[in-house]
Amino acid sequence: MSSTPEHVTPAMAAPRRSSLLEILLVAASALAYSVLCYIAPVTPTRAFLNAYDILRIEDALGIDIELGLNHWLHSHEWIAQLSTSFYSISFFLVTFASLTLMWRLRPERYRFARNGLFIMTIGAMITYWTYPLAPPRLLSNLGYVDAVATQSAIGSSYSQAAASLANPYGAMPSMHTGWALWAAIVLGAFVFKRGWQRLLLALHPLATIWIIIATANHYVLDAVAGVSYCLVGLALSAVLMSYLSVKSQPSTSGAPEEARLSDTLKV
């Protein structure tokens, strides 16, 4: 009798690569993402014009809350220090901790979660190349304060590193938001299922959205885009896993076909 749970499809139950190979894959993907974002052929002029367009759209919609939140945060030093530290380290720690938990505790759902993360991040990288956007923190002429650079020792180091290694005009979409929502969804769906656990998980993307806006790193519309990219990424991952599940169904053509499917699922 098979030990595979009934709800696990053949595609989900396919043999996993070793932990080391998976770590190398994720690390290489993160490095490639960083490099491709850094070399994006953006021009500051276009990035700032897009920023003013975003502000005009938000003003028309009545959601231009960035400057007010930014000034409020700047006037509350200890909250600013906590917020900027959270901004600097949470996206990396929570994202990779979530991947680790999925790998260890729900291996049959790991590929779905990982592929969703990869898909939305690729979409974000393409957007950084095609739609450069200066974040509010660079609009000092409008009164914005770069809270991460000025109100936290951790944040200051992060900002200096980002200035050297990152694309400063990649505000749209907010992947801080996308990754935070992704972590809340996959952990809430597959790992931590109690009501109070899911509530705590839901607070993470909500806090992230508030912080990215208050620290002047993103606009409200960046957060909306981050949510959208996350949901689309997970939806496309679900379609991909469904397709692989159908392809992996037993074939009447015999062992050669099964061998080919096994090789496909190892990719």
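Reader: Which residues of H4 meet which in H9?
Author: This is a predicted model, where local features need pLDDT of at least 70, side-chain atom pairs count only at pLDDT 80 or more, and totals for chains, interfaces and linings use all residues. Residues are numbered from 1 along each chain as its sequence is written, and side-chain values use heavy atoms, with hydrogens and water left out. In H4, Ile79, Ser83, Phe86, Tyr87, Ser90 and Val94 do the meeting. Their partners in H9 are His204, Thr208, Trp210, Ile211 and Ile212. Contact here means heavy atoms within 4.5 Å.

Reader: What classes of residue are in the contact of H4 with H9?
Author: It has 7 nonpolar, 4 polar and no charged residues. Nonpolar covers Ala, Val, Leu, Ile, Met, Phe, Trp, Tyr, Cys and Pro; charged covers Asp, Glu, Lys and Arg; the others, Gly among them, are polar.

Reader: At what angle do H4 and H9 cross?
Author: Roughly 125 degrees, with the axes coming within 10 Å. Axes are lines fitted to C-alpha atoms, for helices over the stretch in contact, and angles run from 0 to 180 degrees between N-to-C directions. H4 and H9 are therefore oblique to each other. Angles under 35 degrees count as roughly parallel, over 145 as roughly antiparallel, 65 to 115 as roughly perpendicular, and the rest as oblique.

Reader: Left-handed or right-handed, that crossing of H4 and H9?
Author: The crossing of H4 and H9 is left-handed. That term applies if the near helix is turned anticlockwise from the far one by less than a right angle; clockwise is right-handed.

Reader: How do H8 and H9 cross?
Author: The axes of H8 and H9 come within 9 Å and cross at roughly 180 degrees. That makes H8 roughly antiparallel to H9. From H8, the contact uses His176, Thr177, Ala180, Leu181, Ala184, Leu187, Gly188 and Ala189. From H9 come Arg198, Leu201, His204, Pro205, Thr208, Ile209 and Ile212. By class, the contact of H8 with H9 has 9 nonpolar, 5 polar and 1 charged residues.

Reader: And H4 with H8, what angle there?
Author: H4 (residues 77–105) and H8 (residues 175–190) cross at roughly 30 degrees, their axes coming within 10 Å. That makes H4 roughly parallel to H8. H4 passes H8 in a left-handed crossing. The contact of H4 with H8 has 12 nonpolar, 3 polar and no charged residues.

Reader: How many residues does H9 have?
Author: H9 (residues 195–214) has 20 residues. From first C-alpha to last, H9 reaches 29 Å, close to the 28 Å expected at 1.5 Å a residue. The expected span is 1.5 Å times one less than the number of residues.

Reader: Which residues of H9 are buried?
Author: Gln197, Leu201, His204, Pro205, Thr208, Ile211, Ile212, Ile213 and Ala214. Buried means under 20% relative accessible area, exposed over 50%, partly exposed in between (1.4 Å probe, protein chains only). The buried residues of H9 pack against H3 (66–74), H4, H8 and H10 (220–247).

Reader: What does Ile213 touch?
Author: Ile65, Glu66, Leu69, His218, Tyr219 and Val220, not counting residues up to four places away in sequence. Ile213 has a relative accessible area of 4%, so it is buried. The C-alpha atoms of Ile213 and Leu69 are separated by 7.2 Å, though 144 residues apart along the chain.

Reader: New topic. What is phi of Ala216?
Author: Near 70 degrees, a positive value in a residue other than glycine. Most residues other than glycine have a negative phi, and most peptide bonds are trans. Ala216 sits in the loop between H9 and H10. Ala216 is buried, with a relative accessible area of 0%.

Reader: Where is the cis peptide bond?
Author: Between Met172 and Pro173, with omega about -5 degrees. Pro173 lies in the loop between H7 (153–165) and H8.

Reader: Leu139: buried or exposed?
Author: Leu139 counts as buried, at 0% relative accessibility. Its place is the loop between H5 (107–130) and H6 (147–150). Leaving aside neighbours within four places in sequence, Leu139 contacts Phe48, Ala51, Tyr52, Leu55, Tyr144 and Tyr219.

Reader: Last one. How many helices and strands in the protein?
Author: 11 helices and 0 strands. Helices (H or I, at least four residues) and strands (E, at least two) are DSSP runs, numbered from the N terminus. Of the 267 residues of the protein, 44% count as buried.
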